[in-house]
Amino acid sequence: MRGREPELRAVLDLVRGAANRRGDVLLIEGDLGAGKSLLLSQAASAAEAADTSVAAAAADELSRFMPLGPVLMALGESPSELANEAGASGQVSTPIWLVEAARTRLEKRAAVGPLLVSLDDLHWADPATLHALRTLPWQLASHRLAWILARRSPDQGNDAGLLFDLLESEGARRISLQPLGDGAVAELLTDALGAVPDPGLLTLAPAPPVTRCCSPNSSPACWRRTPSTSLPAGPA
Ligand SMILES: Nc1ncnc2c1ncn2[C@@H]1O[C@H](COP(=O)(O)OP(=O)(O)OP(=O)(O)O)[C@@H](O)[C@H]1O
Ligand SMILES: [Mg+2]
């Protein structure tokens, strides 16, 4: 990963904290393509290298319709299994009950060894997930657990942003990924081309944080974010 040294240090610190029962929460936000998912995958690699297990998932457009979907996916639990459990114990499987069940699962996982919970794309999160993330980090603060949460900003709705504001006010560390510097963009181009780009080529590089290279097959979103004067015209 290029040009994100302070962010990578924060990730390493987070992973160390999991083993030390610090209950840390790291919030990552940034524009489309800013490198949020890449940073989360770096966190997962750092955790695995430190014998910390990882429970990771991402929200998406459809998971919004499943209460607590991303948390259950991260835990490898199916809602129907939990619902059966709730039925067996005479409880109703409401979202609140699901959050309680998730808390118990997390406690058990953290009792076995340090655990990193990584949840991406929380701008798509359903209300039960947002509620869970509002309460679980402090409820489980004394366990061997750390949290890394990411959302795209600015997002359409306000709810994930509100969650980030609240968690930050309670001590979570928040990182807003800024555009990459010229040096990092040059390094990315070198990686992509296999040769050091000359200054003329660098002036053609898409403005950060756009780090994907647009090709004729790229999505319209990629082309919209690329200055029209710098690259050949993309698809309509
Ligand atoms: N600092 C970086 N160094 C190297 N590659 C990067 C960097 N930042 C982003 N990339 C690459 O750019 C692409 C987009 O990054 P990524 O998917 O992590 O963005 P994102 O913020 O998660 O985007 P989205 O909002 O669409 O989910 C990926 O191919 C990723 O590997
Ligand atoms: Mg992403």
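Ligand 1 is surrounded by 17 residues, and the closest of them are Arg2, Gly35, Lys36, Ser37 and Leu38. A residue is counted as near a molecule or strand when its C-beta atom, placed from the backbone, lies within 6 Å of it. The model is a predicted one, in which local features need pLDDT of at least 70 and side-chain atom pairs count only at pLDDT 80 or more, while totals for chains, interfaces and linings use all residues. Residues are numbered from 1 along each chain as its sequence is written, and chains are lettered from A and ligands numbered from 1 in the order in which they are written.

By residue class, the shell around ligand 1 divides into six nonpolar, six polar and five charged residues. Here Ala, Val, Leu, Ile, Met, Phe, Trp, Tyr, Cys and Pro count as nonpolar, Asp, Glu, Lys and Arg as charged, and the others, Gly among them, as polar. Helix α2, residues 36-49, gives the most to this shell, with three residues. Helices (H or I, at least four residues) and strands (E, at least two) are DSSP runs, numbered from the N terminus. At the level of domains, at least three residues of the shell come from each of domain 1 (5-176) and domain 2 (182-224); the domain bounds come from an automatic or database domain assignment.

Helix α2 also packs against another helix. Two packed helices are described by the angle between their axes and the distance between the axes. The axes of helix α1 (residues 5-19) and α2 come within 9 Å and cross at roughly 40°. That angle makes α1 oblique to α2, since angles under 35 degrees count as roughly parallel, over 145 as roughly antiparallel, 65 to 115 as roughly perpendicular and the rest as oblique. Axes are lines fitted to C-alpha atoms, for helices over the stretch in contact, and angles run from 0 to 180 degrees between N-to-C directions. The crossing of α1 and α2 is right-handed; a crossing is left-handed if the near helix is turned anticlockwise from the far one by less than a right angle, and right-handed if clockwise.

A second pair is α5 and α6, which pack at an angle of about 40° with their axes 10 Å apart. These helices, α5 and α6, are therefore oblique to each other, and their crossing is right-handed. Glu100 is located in helix α5. In space, Glu100 and Leu136 are 9.1 Å apart, C-alpha to C-alpha, and in sequence they are 36 residues apart. Glu100 is partly exposed, because 15 other C-beta atoms lie within 10 Å. On this scale a residue is buried if 20 or more other C-beta atoms lie within 10 Å of its own, exposed if 12 or fewer, and partly exposed in between, with C-beta atoms placed from the backbone.

Strand β3 contains Asp120, which is buried, with 24 other C-beta atoms within 10 Å. Asp120 and Ile148 are 28 residues apart in sequence and 8.3 Å apart in space, C-alpha to C-alpha. Asp121 is in the loop between β3 (115-120) and α6 (127-139), and this residue is buried, with 22 other C-beta atoms within 10 Å.

Most residues other than glycine have a negative phi. Asp121, however, has a positive phi, near 55°. Phi of Asp51 is also positive, near 55°. Asp51 sits in the loop between α2 and β2 (53-58) and is exposed, with 9 other C-beta atoms within 10 Å.

Two further loop residues remain. Thr94, in the loop between α4 (79-88) and α5 (95-112), is exposed, with 12 other C-beta atoms within 10 Å. Thr94 and Pro67 are 8.8 Å apart in space, C-alpha to C-alpha, and 27 residues apart in sequence. Asp198 is found in the loop between α8 (182-193) and α9 (199-204), and counts as exposed because it has 8 C-beta neighbours inside 10 Å.
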